[in-house]
Amino acid sequence: MYQNGKIELKAPYKDLYRMAYIVTNKEPRRNVILYNSQSDRTTISLARYLYETHTGVLLERDKIVDHIDGDKLNDVLSNYQVITVKENN
């Protein structure tokens, strides 16, 4: 469903960054690299990106988007729950 490579930015990120790329790490988990320049970039989970672009609202820093079924590659909105970092640990 989601492949590694450049993606089109959506709100609220399109006003904050110039480019975005999906990458898959060793876990495996998909992440989004949000990029303005070499010194101005960050990485977030694809789950967080999809949730926040769906709702149009950036979550607080202490919140994460967790996969309900534990499958970190199952990136459908119905598989997400927002929890605190403390709840996740």
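Predicted model: local features only at pLDDT ≥ 70, side-chain atom pairs only at ≥ 80, totals over all residues.
K6 has Y21 as its bridge partner in strand 2. Strand 1 and strand 2 run antiparallel and are joined by 3 bridges.

From there, the view widens to the sheet. Strands of a sheet pair through backbone hydrogen bonds, in parallel or antiparallel fashion. Here the sheet is open, has 4 strands in the order 1-2-3-4, and pairs them antiparallel. Strand 1 (5–7) and strand 4 (40–45) stand at the edges. Each has a single partner strand, so one side of each is left without a neighbour in the sheet. Direction ignored, neighbouring strands are turned by 30 degrees against each other on average.

Next comes the helix. Helix 1 lies across strand 1, strand 2, strand 3 and strand 4. Against strand 4, helix 1 runs at about 90 degrees.

Now to the nonpolar core. The largest one has 15 residues. L9, Y13, V32, L34, I44, L46 and Y49 have the most contacts inside it. Strand 2 (19–24), strand 3 (30–37) and helix 1 (46–55) each supply at least two residues of this core. Helix 1 gives the most, with 4 residues.

Conventions:
Residues numbered from 1 in each chain as written. Heavy atoms only, no water. Core = buried A, V, L, I, M, F, W, Y, C linked by side-chain atoms within 4.5 Å. Buried < 20%, exposed > 50% of the residue type's maximum accessible area, 1.4 Å probe, protein only. Pairing = 2+ DSSP bridges. Axes fitted to C-alpha atoms, helices over the stretch in contact; angles between N-to-C directions. Contact = heavy atoms within 4.5 Å.
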